[in-house]
Amino acid sequence: MDKQQPLLSVKNLKTHFFMDEGVVKAVDGVTFDVQAGQVFGIVGESGCGKSVTMKAVLRLVDPPGRIVGGEIMLRRTNEDGSTNEAIDLVKLDANGKMMRDIRGAEIALIPQEPMASFSPVHTIGDQICEAIMLHQSVDKRAARKIALQMLKDVGIPIPEQRLDEYSWQLSGGLRQRAIIAMALSCNPRLLIADEPTTAVDVTTQAQVLRLLRRLQEQRNAAIIFITHDLGVIAQMADSVMVMYLGLVMEQGPVETIFHNAKHPYTQALLRSIPTVTMTPRVNLPTISGSIPHPFNKPKGCPFHPRCEKSIAGKCDARTPALQAAGERQWVSCFLYHDVEVSA
Amino acid sequence: MLRFIVQRLLILPFLVLLFSVIVFWLVQAPPGDFLTSYVANLASSGSSIDAEQVEALKRQFGLDQPGYIQYWRWMESLSKGDLGLSLEYQRPNTELIGERLVLTIALALFAFVITWLFAIPAGIYSATHQNSWLDYVLTVLNYIGVATPNFMLALILMWLAFSYLGLSVTGLFSPEYIQAPWSWERVVDLMKHIWLPAIVLGVAGTARLTRVMRANLLDELNKPYVVTARAKGLSEWKVVFKYPVRLALNPLVSTIGWYLPQLFSGSLIVATVMNLPNIGPLLLRALTQQDMYLAGSILLIYCFLTIVGTLISDILLALLDPRIRMEGA
Ligand SMILES: Nc1ncnc2c1ncn2[C@@H]1O[C@H](COP(=O)(O)OP(=O)(O)OP(=O)(O)O)[C@@H](O)[C@H]1O
Ligand SMILES: [Mg+2]
């Protein structure tokens, strides 16, 4: 790991949902570090716990869900710009003053569904100004000015007019930009982008990605970037974490993961991306089997029923822990080590 | 927005006209007319009335004319603001209806205010504290509220008020104010009496509204915009009141329109049990006696109030919800 202290350091985070039907272990021991100024990608199939992990970081997990273990260390910045001690967000009151000061101001969220993420009965300007006035001591006029500048920064045409419009009057691409503008309006040091491009077309997607990249470089913010799309990860991220059923399978710098993936799941994911050199109209390899239902997760390594290299008597009995496997690369697989998750 | 209101106001006279035809047709639809039942009543009590007199009365009220002429004459006097004469009481309908209508509306508004004052906060509490013990208590109370017939509730409350508070709670006034002209003291006296029937009338509606508010709000609380608002760092109660509560209220506002007439007609049995001088019993008697101009006038006023109520709730909804406001623009 870098000499530098990470901005966000999540250790063995567990978030479970206690339903009448049983317990869904949506996040079951996730560990990762995000450095300041870095783009940290998270990939994984639908339902593997990406959004829940991020909700936990923001302390927005609602009942019946609860953080049942682990820590989320956030390094805070002093008034003079120097950094001070990290605090554990898990220990804070989720709706307390401290956590509310962090949400929006230090960690901001670009939610997964831009279409429904604005209230339909409040103007865009109202909702952006609200965030600004909450964290900065400015009046309405000044807040509106900042909001206007934000809309300009994210490339929304005729921003004065857009401020007084409602989200449903905006096209999908514009709405996505407005959401980004709102998230950036308080200069967060960590931006969580939960699939910010799934709801827009390819052209808009490219624009949004460029925009995020540029804003991140200008402001030296860290971005946690969640997506299903490994192509987008290759383009955006510095590091990447691969999740499967609430666990981290593999983690490392983006080049290492793409060129020297160790985990069979990561390898399988990479094989399923089309490349230009491929023969046209040949079926892409897919990962055999489907994701198990969250109520009956397989015993042992969660991936073993679908894994080509699974070791009988080992992978189906014990769960491998995330261990260093080369420089700055971590993998949880018994092919590379023999350390299991302590119960 | 203005266009929307003007449009609605322009439709209003046509609707009233349409309803007047339907109402007139309905009240004169039963076989016979006021005089046949009047004569029959006299005959059964032993006295009689000679044919000439009956003819004179017929002519006076236009009962010898065909229906469309009767309707036309009714409309003619209505357009002058005159509701006609009551056949039975031989007094102007305006006079008969006047105070009773005021009291009916006052009672309905009171019941309405009580309903919303209680149901909205209770619904919000239930939704934001889902499955807490108070949520369960409210749920049980709501079921009881919906299931209890309001005349029974009236009897129970009257009995409780009488035996524990020593209050005689029938009517809307103390005896000395019943015939008195309107004065400040009479209004105060009305306020002292109106709350009990208002509660009786409001209970079922309150229970229903609480359930609906709870369900709407639970729906809204799961919407992504709530997460967005929380992620800004707003305090929980600010989030809840600014966003989901606002959106949960919109569909309720559009029901105000048909809530008022429901209160008017629902009050008949309660009015009878509690001896309230409102319009329900008057309408019932007018209908059974075939006092057609009186019944017709009351029904037409109901229709008018319903239309106005709907208009008000449409306007409120348009004010609250920009999606509706901008639809027509
Ligand atoms: N409110 C909830 N109640 C119960 N279970 C939940 C809840 N929210 C999430 N889960 C469960 O947690 C698991 C992880 O969900 P999550 O939303 O984090 O998936 P994801 O990786 O973000 O998927 P996607 O790519 O589709 O967004 C799922 O199995 C889901 O069923
Ligand atoms: Mg998700």
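Three strands of chain A, β1 (8–19), β2 (22–34) and β10 (247–253), each supply at least two residues of the lining of the second largest pocket. Strands here are DSSP runs of E with at least two residues, helices are runs of H or I with at least four, and both are numbered from the N terminus. A pocket is defined on a 1 Å grid over the protein atoms alone: it is an open set of points where a 1.4 Å probe fits, with protein on both sides within 12 Å along at least five of seven lines. Lining residues have an atom within 4 Å of a point. The model is predicted: local features need pLDDT of at least 70, side-chain atom pairs count only at pLDDT 80 or more, and totals for chains, interfaces and linings use all residues. Residues are numbered from 1 along each chain as its sequence is written, chains are lettered from A and ligands numbered from 1 in the order in which they are written, and side-chain values use heavy atoms, without hydrogens and water.

The second largest pocket holds about 660 Å³ of space. Its lining has 28 residues, and the closest to the centre are Asp28(A), Gly29(A), Leu247(A), Thr319(A) and Val341(A). Strand β2(A) gives the largest share of this lining, five residues. By class, the lining of the second largest pocket has 14 nonpolar, eight polar and six charged residues. Nonpolar covers Ala, Val, Leu, Ile, Met, Phe, Trp, Tyr, Cys and Pro; charged covers Asp, Glu, Lys and Arg; the others, Gly among them, are polar. For volumes, grid points are joined across faces, edges and corners, and the space filled by probe spheres set on the points is taken.

The largest pocket contains about 1,200 Å³ of space. It is lined by 36 residues, of which Asp62(A), Pro63(A), Leu221(B), Asn222(B) and Arg230(B) are the closest to its centre. Five helices each supply at least two lining residues: α1 of chain A, and α5 (93–128), α8 (184–221), α9 (224–231) and α10 (236–242) of chain B. Helix α1(A) gives the most, with four residues. The lining of the largest pocket divides into 17 nonpolar, 10 polar and nine charged residues.

The magnesium ion (ligand 2) is coordinated by Ser51(A) through OG and by Gln112(A) through OE1, at 1.9 to 2.3 Å. Ser51(A) sits in helix α1 (residues 50–57), while Gln112(A) sits in the loop between β6 (107–110) and α3 (124–135), 61 residues apart. Donors are N, O and S atoms within 2.8 Å of the metal (3.2 Å for Na, K and Ca); water is not among the atoms, so sites may look incomplete. Ser51(A) is partly exposed, with a relative accessible area of 24%. Gln112(A) is also partly exposed, at 31%. Buried means under 20% relative accessible area, exposed means over 50%, and partly exposed lies in between (1.4 Å probe, protein chains only).

Ligand 1 is surrounded by 14 residues, and the closest are Ser46(A), Gly47(A), Ser51(A), Val52(A) and Gln112(A). A residue counts as near a molecule if one of its heavy atoms lies within 4 Å of it. A backbone N or O atom of Val52(A) lies 2.8 Å from an oxygen atom of ligand 1. For Cys48(A), a backbone N or O atom lies 3.2 Å from an oxygen atom of this ligand. His228(A) places a polar side-chain atom 2.9 Å from an oxygen atom of ligand 1.

The peptide bond from Pro63(A) to Pro64(A) is cis, with omega near 5 degrees. Pro64(A) lies in the loop between α1 and β4 (65–77). Arg59(A) is in the loop between α1 and β4. Its phi is near 60 degrees, a positive value in a residue other than glycine. Arg59(A) is buried, with a relative accessible area of 17%. Asn187(A), not a glycine, has a positive phi of about 50 degrees. Asn187(A) is in the loop between α6 (172–184) and β7 (190–194) and is partly exposed, at 47% relative accessibility.

Chain B has 15 helices and zero strands. Of its 329 residues, 44% count as buried.

Terms used:
Polar contact = N/O pair within 3.5 Å; in protein donor to acceptor, adjacent residues only side chain to side chain.
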